[in-house]
Amino acid sequence: MKPALRGMGLVLVTAVRMSPWQSLLCLFETLGKVLAALAPLFIGIFATGALERDLDRMVVAAVALVGSTAANAALQAVGVNARVRQMELVGHTFDARIAELTARIPTLDHVETARYLDKLQILRDNENVLGGALNTLINLANTLAYAISVLLVAGAADRRLLILIALGSARLLTTRWSTRWEKDAEEAGAAPGRLTRHLIDLSLSPAGAAETRVFGHQRELRRQIGVAVGNWRRPSVRSTDRKAVLAGGHSAVFFATATALLVWMTQDVIAGTVSLQSLVVAVGVLQSLQTVSSSFAGAVVSVTKVGRNCARFIWLRDYADAAAAHTGRRQAPDRLYDGIRIDGLSFRYSGARRDSLTDITLDLPAGAVVALVGENGAGKSTLVKLLAGLYRPTRGRVLVDGRDLAEFDLTAWRSRMSAAFQDHTRFEFTAQRSVGVGDLAVLDDSERVHRALEDGAAADVVTALPTGLSTQLGTTWPGGVELSGGQWQRIAIARGMMRQSPLLLVLDEPTAAIDAATEHSLFERYSAAGRHARRHGGVTLLVTHRFSTVATADLVVVLDQGRVVEVGSHSELVSHRGKYAELHELQARGYR
Ligand SMILES: Nc1ncnc2c1ncn2[C@@H]1O[C@H](COP(=O)(O)OP(=O)(O)OP(=O)(O)O)[C@@H](O)[C@H]1O
């Protein structure tokens, strides 16, 4: 089945599952539409009764007209209420599903590729369309019911009205163009839409706001936002203009034909070949026919749009499922015996011209504290993310005690590792929780959090806070306190220390925001903390671009332009007099 249909089916099933009764009540509106379509018929009967002075007929017609109008109003009220509630329910469900699916994808490749981001941008731009999918489907059902009823009434009044029906149907054929214009506009606006958000974020985020002011970039940023918004919205405005011209042209042809038909029917009434009732019904039905044709065309365009977004949702779901299925089922071991081996591994980012890592073969022995050093851009963070299973190797493997990481359930593997990433997150919670999220099972255990703060050399950060662990972090929250870049980083390191005995503990540039003078002692602290993991064969990986501070590590690995150039202990590498010795000496001299 086509993804659009599968998606729309999913919307309906979701609505019925969430509230079967409310879904049923939505159909009341459709019933009301059928009654509304009968109004011209009752008016025609009433007019003929008046002409023939037939009071009974007039009373029956008037009662039917008033009764059907009142019933329609009641049915509409119930139906619309149910529809709005269902729309919200279904809308929230799909919003939550999109967020959940995006988060479920176990690797990071997708968030760095333009094609994926553009599709996601369109989905986000159209979140309300997906939320309103049910609304659109109900509208289609209403329009369909109304159209059939109007057609029956019109056909019974005079066959010539079928010409107008044919004209109305011609409008449907033109929806193919409207749909194509809309789709093209959505796709053309996706990348500029993303750029607009990025520029707006830049101008609003505290870091971006500071830099734009220092460099006097505000005016230029405003100009760029203006251009980006123009590029984002222009395709959509152009598509709306074209659709309006098409609709206007159609209405002009429709009403010109209708006028000619009415003149023709009036002549027949005067000649006595057509009843007055038919003419009255025809006049009443004319407006309805025009409404039917335009709302039908609108409904078809909306349903197609919903279909496209449903198809995108299905694409995201299939993508997330395929990505989840791609991870293996093997559970992480309780402890490591041999360690982690990187075997002939190369990695190239999607769309990049060259590998970021080339043919890496390396042993990270169980229980060792390993320092991964290299200059900026050497490939350290990329290697760390490959070890965490956040990327898949382009070639080669990561072996955990001889088992390929690709065979592991990545969620299980990650539950046995811990990390403080270079691009860490500032969790603006209480200090307790900001550290505690490193191990959700003991999130609120202050003793554990204190220990993690000690291991991460961050206890003084919390001691200085007005209410210690219960202090809210982040000044954008009531009573919140702001931390410095280095303090945030130490909170992130403490978070990385929350899990006990991880099989792999990664501290990626843990001292980048900390002055070089204290870095050496901090590394010793982290190494000591990493040695807790030794009992379970856990590997501690300290990543840095500073060569002068890793002497305490059991093993030093030097990366250069994506390749391992040296491996050994600090003293071995110093006596080897290679790159490590050169840069270590150079940097150590700088800090003296
Ligand atoms: N998302 C990405 N897409 C494409 N290329 C990337 C991406 N991230 C990093 N790279 C490239 O991969 C190479 C290695 O980057 P990486 O971040 O791993 O280096 P690093 O050693 O951690 O550097 P630093 O010390 O500056 O953090 C660099 O050439 C970088 O330009």
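So, the C-alpha centres of domain 1 and domain 2 lie 53 Å apart. Domain 1 takes in 3-201 + 233-322, and domain 2 is 426-501; those bounds come from an automatic or database domain assignment. Keep in mind that this is a predicted model, where local features need pLDDT of at least 70, side-chain atom pairs count only at pLDDT 80 or more, and totals for chains, interfaces and linings use all residues. Residues are numbered from 1 along each chain as its sequence is written, and side-chain values use heavy atoms, with hydrogens and water left out.

In the model, 58-79 is 100% helix, with its end C-alpha atoms 31 Å apart. Residues 244-265 are 100% helix too, with 31 Å between the end C-alpha atoms. Helices here are DSSP runs of H or I, at least four residues.

Now, salt bridges: a side-chain nitrogen of Lys or Arg within 4 Å of a carboxyl oxygen of Asp or Glu. The structure has 23 of them. One pairs Glu186 with Arg308 at 3.0 Å, N to O. That pair ties helix H8 (residues 161-204) to helix H11 (residues 276-326), with the partners 122 residues apart. Are these two buried or exposed? Glu186 is buried at 12% relative accessibility, and Arg308 is buried at 9%, where buried means under 20% relative accessible area with a 1.4 Å probe, protein chains only. Both also sit in a salt-bridge network with Glu182, Lys243 and Arg312.

Notes:
Helices (H or I, at least four residues) and strands (E, at least two) are DSSP runs, numbered from the N terminus. Buried means under 20% relative accessible area, exposed over 50%, partly exposed in between (1.4 Å probe, protein chains only).
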